[in-house]
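Please find below a short note on the model under review. It is arranged as numbered points for reading alongside the coordinates.

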Amino acid sequence: MTHRFVLNLNQNLYFMKVAIVGSGYVGLVTGACFSEVGIDVVCVDVDKEKIQNLNNGIIPIYEPGLEEMITRNMAKKRLSFSTSLADAIVDSEVVFISVGTPPDEDGSADLKHVIAVARECGKHMDDYKLIVTKSTVPVGTSLKVKNAIKEELSKRKAAVEFDVASNPEFLKEGAAIEDFLKPDRIVIGTESSRSEKLLNKLYKPFTLNGHPIIFMDIVSAEMTKYAANSMLATKISFINDIANLCEIVGADINNVRRGIGSDTRIGKKFIYPGIGYGGSCFPKDVKALIKTASENQYELKVLKAVEAVNNAQKSKLFEKIFAHFDGDLKDKTVAVWGLSFKPQTDDMREAPSLEIVKRLLDAGANVKAYDPVALEEAKCHFGDTIGYCTDQYESLIDADCLAVLTEWSEFRVPNFKIMKRLMNASVVFDGRNIYDKEEMEAADYTYYCIGVRTEKRHRSNELQLVV
């Protein structure tokens, strides 16, 4: 007897449907990666233009591999985009809250969007739902989410079961797809066995290679996210502080970094000197954790120092440029390579380039900038106050110096002979230490970097910076 099996390809056989509320960086990556393993996902956003663009294949952010993944899963009907939060809540068993939590003026995280989503869940859920906070939120937020849902259910006099959970993200911009598909760990805070089993099944496709799911209580999960980012920020500020001391005493921070990085207790990651950290996570999360401590009558002295060092570090490269030109930058042309806060992203939130370019302009310099992907984003910050170049060498024409602010791969091995012909002077300020000092000096470049004393003594301590 011959048996025939007919499969309806339009029917998703996976047991679970997921809604991702918020189609920003975290929401899009989360939704795309869940759909990649066969889960039926709808991403929701109140921004109608954004959703329309997504449905037309226009991705609002740059992240390697994301556009292709979204296109592929939309074609397979596993990933969709909608402005109807009510429909998404009703149709999904698990709802991830991935909306923004921007910092308030006092440094605390603004939770109005998170709570608004929670209230919508309470208004529309008609059977069991698991509400998961994916946004980076302060300790205690899940309780606020639960109370908001309860209040809305009470208004409806609806007895609907639900759970809340915390599932912080640990995605690196520029490598987010790989981080999600092959995570170091998955941290989940739950309060019931039902929600734990549900999330365990949801994340099973991502743990087949032994990547662990670490279950814990919700408060600890919320704290883990802030503690992790604050520790990484601490390593960056520490190495930058040591780099500044190295310049004063004549040590080479590159040697020091190799020396301490070989200690497995310290490790090699996040101890590269530079011009400070930026982006959407570290600055905001350090501020938020300091604020949380303050609200609980505790002072995080180490993190306050981390923040202070980072704020000061963003001015270091400008001070080197200012000193080299003896305090006179009027009508000098500075070529800038890199504007995003790190490579492989167009994100300029809290980028050191914002501070450095502003100070160059205030001092009377002309700035010509090139970045592989962040030029459009840069126009939102600088408007027509700087020149935008479509090629890294174009920015060097008649430049009095070059400032490297982002360590994009294409900047690592440039043609130094061509550079010398294009520039008015062979002067390079390397804010990311991507070049070798001896090689640059052998090529007859005046070379400044972070944490290594340059032969031409800096006069930054003798000059009064009036900008």
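Predicted model: local features only at pLDDT ≥ 70, side-chain atom pairs only at ≥ 80, totals over all residues.

1. Strand β5 covers residues 129–133, and five of its five residues are buried, so the strand is largely enclosed by the rest of the structure. Lys-129, Ile-131 and Thr-133 point one way from β5, while Leu-130 and Val-132 point the other way. Residues on both sides are buried.

2. One partner of β5 is strand β4 (residues 94–97); the two run parallel and are joined by four bridges. Within this pairing, Ile-131 of β5 has Val-95 opposite. Between β4 and β5 the chain passes through helix α5 (residues 112–124), in a β-α-β crossover that is right-handed.

3. Strand β6 (residues 162–166) also pairs with β5 in the parallel sense, here over five bridges. Val-164 in β6 stands opposite Ile-131.

4. Lys-437 belongs to helix α17, which spans residues 437–442. Is Lys-437 buried or exposed? Its relative accessible area is 19%, and because the cut-off for buried is under 20%, Lys-437 counts as buried.

5. The side chain of Lys-437 makes a polar contact with the side chain of Glu-441, at 2.9 Å. Phe-170 is 267 residues from Lys-437 along the chain, and the C-alpha atoms of these two residues are separated by 35 Å.

Conventions:
Residues numbered from 1 in each chain as written. Heavy atoms only, no water. Buried < 20%, exposed > 50% of the residue type's maximum accessible area, 1.4 Å probe, protein only. Pairing = 2+ DSSP bridges. Right-handed = clockwise from strand over helix to strand, strands pointing away. Polar contact = N/O pair within 3.5 Å; in protein donor to acceptor, adjacent residues only side chain to side chain.
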